[in-house]
Amino acid sequence: MTAGALARRRSFPVLLGLVMVVAAIALVEVLIRVGLINRFIVPLPSQIGASFERVIVEEGIPERFWLTLREAFWATLLLSVFGVGIGVLLHRFRILRLATETWVAAFASAPTVLMYPLFLVIFGRSANTIIMMGFVAGLAPVILKTVEGLASTRRVLIDVGRSFKLTPSQLYWKIYFPAALPSIFVGIKLGMIFALINIVGVEFLINFGGLGQLINELAERYDLPGTYAAICFVILVSVLFFIITERLERWLRPVN
Amino acid sequence: MSSVTPFKRGDQSSVRSSTAEPILVVENITKRFETPDGVLTAVEGVSLTVAPGEFLGVIGPSGCGKSTLFNVIGGLTGGYDGRVSVAGETISGPHQSIGMVFQEESTFPWRTVIDNVAFPLEIAGMSKAARYEKARHFVNLVGLDGFERRYPAELSGGMRQRVSMARTLASEPKILLMDEPFAALDEQTRLLLGDKVLQIQQQLQQTTLLITHNITEAVQLSDRVLVMTYRPGKVKRIVDIDLPRPRTSEIVSSEAFGHYVAQIWSDLREEASRGMHDDEARTRHAGEKHA
């Protein structure tokens, strides 16, 4: 079978990706075993693999995983609703956009995680603080990508809508919004990444609840294989959210 | 400028008679734009009429204000002097009697062919079953049956323009306004799509105004061709195309066809040269400014 024919098979890219991950893990294992990477800093992947069962059973992974997943869900929902809403407002009212866009862009690169003491005062040491921290951290990219998507709607599509005498609201829902969906989803995915980093980070910092707290505890116990196993579960949360968002995008706009 | 000749065609049906009241009247349109270099007059004093069922071609060199005229008649551009009326009613914005087909690819990429064509019917509040049935009729009319569930990205450029045309026809406009709909296509596809347009126009007796810069296309499709001057765009001449209907693209090889093309080119040549010299002068001026 030729390389082109292989690439056309649906399962092949997935298989190739898995093989590459396995190869990278095997390479790290070899590098640690030959002493090129210090095993007191990075544990052997085989040790991490072996610690999964222990971490799941003894450290209450399902509950912690569920808690982090819920926090990430609420933060993503909030930043999608408010981010897209604010983006639409900024696009609709040009003066608002000109007045605030630079600030929003600056906010996107601000280390908002450092604001956690303020959020602790407002929301207490609870999941609410973590959700709000995730929400705030992920808001800016959703706003910016929503504005960008709406503003780059092709003029001719808007003219088609106008020629059919669409009302302003119909123009938004039937043309602007579907045209901007790919860009909006890029914003939501970016926002979700920022939110998840902050959620796990704040759990770590305030020693509360989910996988972030577990990573903190395991690291303090110097249980490196367990720490890396817990990090794998954080990656799993991220992967799950990505799959869900991709499915949602494909459902809303089957072809880009 | 020659006078605007009344519409006539030797062997045509009575639908398009010279005595018919014009359905579209464009009176003395002048449109100016503010530019960094001052006020630019895109079109000046343009008047034309289109009779019911007539196919009028508007041709001119690049920069003669054809697209401005298209936008004025379609109601997408305001702030002009003059008057546009449809069936006696003065219009000042998009009007349900005028359907527009744009030069740029304008299908909605997130909708299938059938959903694109059903779009104006959906906006009109028609039930899903009824609008799909009607949309299917127009999909068939433009020869895209079997492609209803495809997305525009899966179609060729010519097929996408046919989707746009079917979408506009589905709104059943009294006047079909087309702005160089086949400009981005190769010559052979353009001729074949011209056949399709002729066939549809014949079938629906659709009043059509086609903006184009392609002489062959204008003569192949039109009953009359209005030649515009280079900037500011004015009516230079109106040429009656007395070729028999129904037509096909085979007509391009006839002697009469060649005669019309030559006649229009002799009018257009001078204007196109002016446009080219003007472009060169502007490019030189811009270069000197930068230097």
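Trainee: How many Å separate the centres of domain 1 of chain A and domain 2 of chain A?
Mentor: Residues are numbered from 1 along each chain as its sequence is written, while chains are lettered from A and ligands numbered from 1 in the order in which they are written. This is a predicted model, in which local features need pLDDT of at least 70 and side-chain atom pairs count only at pLDDT 80 or more, whereas totals for chains, interfaces and linings use all residues. Chain A is divided into domain 1 (3-42) and domain 2 (67-252), with bounds that come from an automatic or database domain assignment. Taken over C-alpha atoms, the centres of these two domains are separated by 31 Å.

Trainee: How do α4(A) and α5(A) lie to each other?
Mentor: In chain A, the axes of helix α4 (residues 61-92) and helix α5 (residues 94-108) come within 6 Å and cross at roughly 125°; helices (H or I, at least four residues) and strands (E, at least two) are DSSP runs numbered from the N terminus. Axes are lines fitted to C-alpha atoms, for helices over the stretch in contact, with angles running from 0 to 180 degrees between N-to-C directions. Angles under 35 degrees count as roughly parallel, over 145 as roughly antiparallel, 65 to 115 as roughly perpendicular and the rest as oblique. The two helices α4(A) and α5(A) are therefore oblique.

Trainee: Which residues of α5(A) make the contact?
Mentor: Two residues are in contact if their C-beta atoms, placed from the backbone, lie within 7 Å. On the side of α4(A) we find L89(A), L90(A) and H91(A), and they meet, on α5(A), the residues L96(A), R97(A), T100(A) and E101(A).

Trainee: Which element gives the largest share of the side of chain A that touches chain B?
Mentor: The contact takes 13 residues from chain A and 16 residues from chain B. On the side of chain A, the elements giving two or more residues are α8 (155-163) and α9 (168-206). The largest share, six residues, comes from α8(A).

Trainee: Is K165(A) exposed or partly exposed?
Mentor: K165(A) is found in the loop between α8 and α9 of chain A, and its phi is near 60°, a positive value in a residue other than glycine. Most residues other than glycine have a negative phi, and most peptide bonds are trans. A residue is buried if 20 or more other C-beta atoms lie within 10 Å of its own, exposed if 12 or fewer, and partly exposed in between, with C-beta atoms placed from the backbone. K165(A) has 16 other C-beta atoms within 10 Å, so this residue counts as partly exposed.

Trainee: How does N28(B) count?
Mentor: N28(B) is found in strand β1 (residues 24-35) of chain B, and its phi, near 50°, is positive although the residue is not glycine. Its C-beta neighbours inside 10 Å number 12, so N28(B) counts as exposed.

Trainee: What radius of gyration does chain B have?
Mentor: The radius of gyration is taken over C-alpha atoms, and the globule rule is 2.2 Å times the number of residues to the power 0.38. With 291 residues, a compact globule would come near 19 Å, which agrees with the value for chain B, 19 Å.
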